[in-house]
Amino acid sequence: MTNPLKPSERMKIPRQHSIEQTAEDRIKNFFEVSFGLNEELALIEAKRCLECKNPVCIEGCPVRIDIPGFIKLILEKDYVGAVNKIREANYLPAICGRVCPQEDQCEIVCLLGKKHEPVAIGKLERFVADYEMANNLFETPVITNHIDKKVAVVGSGPAGLTCAAELAKMGYKVTIFEALHSTGGVLRYGIPEFRLPKKILDIEVDRIKKLGVEIYTNFVVGRTATLDELLDEWGFDAVFLGTGAGTPNFMGIPGENLSGVYSANEFLTRVNFMRAYAFPETDTPIKIGKQIAVIGGGNTAMDAVRTAKRLGAEKAYLIYRRSRTEMPARVEEVMHAEEEGIEFLMLTNPIRIIGDDFNWVKAIECQKMELGEPDESGRRKPVPVQGSEFILEVQTVIEAIGQKPNPIIQATTPGLDVSKKGTVVVDDVQRTSRPNVFAGGDLTRGGATVILAMRDGKIAAEEIHKYLQSVEAKKESATVNK
Amino acid sequence: MYKIVEKQQLSDIITKLVIEAPLIAKKRKAGNFVIIRVDENGERIPITIADSDPQKGTVTIIVQAVGKTTKLLCSLNKGDYVLDFVGPLGEPTPIHNYGTVVCIGGGVGTAEVYPIAKALKEAGNNVIGIVGARTKNLIILEDEMRAICNELYITTDDGSYGRKGFVSDQLQDLINSGIKIDAVYAIGPIPMMKVCANVTRPYKIKTYVSLNPIMVDGTGMCGGCRVTVGGKMKFACVDGPEFDAHEVDFDELIMRNRTYVDLEKISDELYEKHVCKLEGVK
């Protein structure tokens with residue numbers, strides 16, 4: 001079925017909105033904020049696609065999903081066909097439909113967005129993925145071509161999962177090594193339940209297992225076995241490193257080691273990964289003051305401050321040294337945070353954390369900032385306003401000012417080029433300085449998005465395939481020449 | 001799942017568990033630790049590896065039952081399993097031939113200093129051991145330490161066994177006796193490590209301690225284990241757990257380790273109630 005509406009008629013349809021929990025309700029629970037589009041709304045939204053001859057949305061997508069193609073299948077009510085169309089390019093649609101910054105990628109270039117609002121591509125992606133899950137319609141692809149080569153994937157976050165899935169589909173024997181006790185990396189320890197339910201992640205990971213991918217948890221590459229041991233003793237033919245950027249940065253201000261100061265990583269790991277919200281039913285504790293402050297302006301900061309609110313913080317401040325427009329967080333997340341009563345202290349920079357007699361946080365001292373000349377990132381650099389210091393009473397401080405790669409693998413792998421920032425150096429097709437070692441995601445980028453990690457994992461998989469084919473071809477020609 | 005293949009009660013509250021973990025047994029070096037999670041609702045806790053047998057593929061840990069998780073762990077029996085067991089983590093102890101090294105274990109810390117003393121002995125050092133505890137029945141690994149130490153001193157706070165006093169008193173006496181000490185390893189409760197550091201500081205004897213801050217992942221991800229060493233922030237899990245004792249801010253560590261004291265108490269009380277109920281059923 002083609003879209004019966006003329007382009008002018010399609011443009012008249014307003015962009016459809018997800019059904020959401022009210023802010024009042026959702027700050028009392030950890031359930032997902034958005035329920036997504038229902039079938040009726042999805043069908044209306046799908047009709048808005050102009051079916052451009054030159055679909056720039058595909059170019060906007062880091063993994064090049066055939067966006068008009070899957071939307072057309074929605075119009076035909078072939079939702080499973082639609083999700084499978086997405087899956088050709090992206091094996092984790094239910095995840096991307098939720099956490100991808102579509103507004104900066106596919107939707108920003110959507111022609112409809114020039115005059116009207118762009119097609120809600122992300123919400124449509126989520127709709128078909130959820131439809132398939134809810135109706136249990138997923139069928140594991142049948143792998144007919146088996147290749148007798150073993151690939152080790154280190155880390156089970158978005159980069160690793162994608163790389164593993166792509167290689168498994170090609171017929172490789174893939175083993176994922178995960179340091180933590182459960183899979184998903186940042187998707188599990190970082191992103192909260194209210195944005196990405198663990199059940200969705202479990203289902204997606206399970207589908208990757210069904211492709212024949214083996215997963216070892218509690219395995220720290222570099223400690224339990226080194227990368228070279230995986231290659232030399234375990235018999236892997238190639239390795240993909242997707243260990244992320246798990247080491248938190250701290251500001252370096254006085255008072256950071258007081259009790260009640262957390263890195264966002266620790267805070268979110270305790271709550272999301274160790275389920276501290278259910279203490280004492282679970283054993284991992286967390287402490288939240290009546291007043292809390294999160295420092296930072298990215299998605300992690302939003303996740304942390306909204307989590308703190310749900311854990312009972314009466315006042316939850318978000319302190320960011322630049323202004324609202326420079327905030328790297330997704331617009332949707334900032335909006336959700338605002339609706340939930342998060343108080344934004346923009347152009348504000350913490351200068352010290354103040355403790356009480358028991359070494360607990362009791363306040364944070366900040367200064368106001370103003371925007372000066374643009375810095376190397378192109379954003380206007382915040383400069384302190386003299387004499388603008390003020391003290392904010394808080395009992396919990398969470399620093400969400402960025403992460404860097406965990407150094408264990410770099411330190412235990414000779415010959416692997418590492419940048420000054422600690423990221424593993426790769427070329428444009430994810431090759432490292434070692435011929436059979438590939439890398440991607442935050443480990444090479446130093447802190448980016450889920451979809452860019454998936455893009456890297458996918459490109460690496462194609463490159464690993466090329467590499468292993470060339471190794472095989474060389475072997476064969478060597479045999480022939482004998 | 002990791003199987004407990006042997007269990008031995010070293011005192012009322014200290015238990016030795018031998019756990020099947022062949023990969024860790026093969027790689028583990030003195031000074032390494034593991035992170036353990038007992039069951040699905042459990043927390044992740046770090047425990048130093050006391051010993052390992054690469055042939056049998058087993059790792060030995062020695063646990064003092066102080067809170068819910070350690071009590072639960074100590075209640076497990078031969079044939080039971082722990083859900084998660086990951087390692088070997090942390091930087092291993094740099095083993096050199098220093099000459100004469102004093103290895104001090106306080107309480108369950110003896111389990112942590114024992115593998116270091118053993119490795120130092122194998123590296124050719126003259127190893128003097130000091131093992132201390134509050135009271136006689138909390139002294140552990142005496143025979144094991146005696147077997148590897150050139151000299152061994154025992155202290156108890158109450159004088160019920162060995163010398164009455166603290167391990168640091170014995171250390172001071174050794175220094176006073178005029179023997180040349182090239183390095184000291186002191187592992188035990190934080191106040192003990194702090195006092196030992198203070199004893200050796202005036203003599204500029206290289207002194208190392210193994211720190212036990214609060215940890216979650218144990219791989220450098222959470223930063224919960226941050227300690228101040230030489231005025232700089234260090235993560236005990238990846239930068240340590242051993243540090244130069246003269247540089248460590250022990251007071252800060254003591255404070256940070258108290259962060260969850262009240263919640264730990266709630267958890268412990270609930271566990272005790274649960275155990276009482278179970279025993280009532282029996």
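A:Trp234 is partly exposed at 23% relative accessibility, where partly exposed covers the range between buried (under 20% relative accessible area) and exposed (over 50%), using a 1.4 Å probe and protein chains only. A:Phe219, by contrast, counts as buried at 3%. This is a predicted model, in which local features need pLDDT of at least 70 and side-chain atom pairs count only at pLDDT 80 or more, while totals for chains, interfaces and linings use all residues. Residues are numbered from 1 along each chain as its sequence is written, chains are lettered from A and ligands numbered from 1 in the order in which they are written, and side-chain values use heavy atoms, leaving out hydrogens and water.

**Aromatic rings in chain A**

- Over all chains, the structure holds 17 aromatic pairs; rings of Phe, Tyr and Trp (its six-membered ring) pair if their centres lie within 6.5 Å, and planes under 30 degrees apart count as stacked, over 60 as edge-to-face and the rest as tilted.
- One of them joins A:Tyr79 and A:Phe127 edge-to-face, with 5.1 Å centre to centre and 85 degrees between the planes.
- That pair links distant parts of the chain, 48 residues apart: A:Tyr79 sits in helix 6 (residues 79-87) and A:Phe127 in helix 10 (residues 121-134) of chain A.
- Helices (H or I, at least four residues) and strands (E, at least two) are DSSP runs, numbered from the N terminus.
- A:Tyr79 is buried, at 3% relative accessible area, and A:Phe127 is buried too, at 7%.
- A:Phe219 and A:Trp234 are also an edge-to-face pair, 5.5 Å centre to centre with 85 degrees between the planes.
- A:Phe219 lies in the loop between strand 5 (214-216) and helix 14 (227-232) of chain A, and A:Trp234 in the loop between helix 14 and strand 6 (238-241) of chain A, so the pair ties together parts 15 residues apart in sequence.
- Where do these two rings belong? A:Phe219 and A:Trp234 form one aromatic cluster with A:Phe177, A:Tyr216 and A:Phe236.

**Charges over rings**

- A:Lys150 lies over the face of A:Phe236, 4.7 Å from the ring centre; the rule is that NZ of Lys or CZ of Arg is within 6 Å of the ring centre and within 35 degrees of the ring normal.
- A:Arg207 lies over the face of A:Phe138 at 4.2 Å from the ring centre.

**Strands in chain A**

- Strand 12 (residues 348-355) and strand 13 (residues 361-374) of chain A run antiparallel and are joined by seven bridges; two strands pair if DSSP finds at least two bridges between them.
- Within this pairing, A:Gly355 stands opposite A:Val361.
- The two strands form a hairpin with five residues between them, and A:Asn359 in the turn has a positive phi of about 70 degrees.
- Strand 13 of chain A also pairs in the antiparallel sense with strand 14 (residues 380-384) of chain A, over four bridges.
- In strand 14 of chain A, A:Val383 is the bridge partner of A:Glu370.
- Strand 13 of chain A pairs with strand 15 (residues 390-393) of chain A as well, again antiparallel and over four bridges.

**The sheet in chain B**

- Chain B has an open sheet of seven strands in the order 6-1-2-5-4-3-7, with antiparallel pairing.
- Its edge strands, strand 6 (81-82) and strand 7 (84-89) of chain B, each pair on one side only.
- Strand 3 (residues 33-37) and strand 4 (residues 45-53) of chain B run antiparallel, joined by four bridges.
- B:Val34 stands opposite B:Ile47 in strand 4 of chain B.
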